[in-house]
Amino acid sequence: MKPSRKPRQPATDVTVWQRAAAHYRRIAGRDRRPGVKIWASDRAAECAANMRRAQREAA
């Protein structure tokens, strides 16, 4: 995996969920197995919902 060009943000609840959602979106887009694609898509949606909740709590 290529290293990211931009520096990693400090680990807050929001950024952790944001990175997790991006991770599962990558899996859903790259994996060829249908069951994994469905699972990763659901997990990405769950992480995105948790990220939005953490954003509301932080505000």
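Mentor: Let us start with a polar contact, meaning a pair of N or O atoms within 3.5 Å, where within protein one must be able to donate a hydrogen and the other to accept it, and where residues adjacent in sequence count only if both atoms are side-chain atoms. Such a contact joins the side chains of Asp31 and Arg33, at 2.8 Å. Before we go on, note that this is a predicted model, in which local features need pLDDT of at least 70 and side-chain atom pairs count only at pLDDT 80 or more, while totals for chains, interfaces and linings use all residues. Residues are numbered from 1 along each chain as its sequence is written, and side-chain values use heavy atoms, with hydrogens and water left out.

Trainee: Where does Asp31 lie?

Mentor: Helices are DSSP runs of H or I with at least four residues, strands are runs of E with at least two, and both are numbered from the N terminus. The protein has two helices and zero strands. Asp31 is placed in the loop between helix 1 (13–30) and helix 2 (34–58).

Trainee: Is Asp31 buried or exposed?

Mentor: We call a residue buried under 20% relative accessible area, exposed over 50% and partly exposed in between, using a 1.4 Å probe and protein chains only. Asp31 has a relative accessible area of 18%, so Asp31 counts as buried.

Trainee: Which residue forms a salt bridge with Asp31?

Mentor: A salt bridge needs a side-chain nitrogen of Lys or Arg within 4 Å of a carboxyl oxygen of Asp or Glu. For Asp31, the closest N and O atoms in the bridge are 2.8 Å apart, and the partner is Arg33.

Trainee: How many salt bridges does the structure hold?

Mentor: Besides the bridge between Asp31 and Arg33, Glu46 and Arg43 meet through their side chains at 3.1 Å, N to O. The side chains of Arg53 and Glu57 also meet in a salt bridge, at 3.4 Å. The number held by the structure is three.

Trainee: What separates Arg53 and Glu57 along helix 2?

Mentor: Arg53 is partly exposed, with a relative accessible area of 36%, whereas Glu57 is exposed, at 57%. Because the two are four residues apart in helix 2, the separation of Arg53 and Glu57 is about one helical turn.
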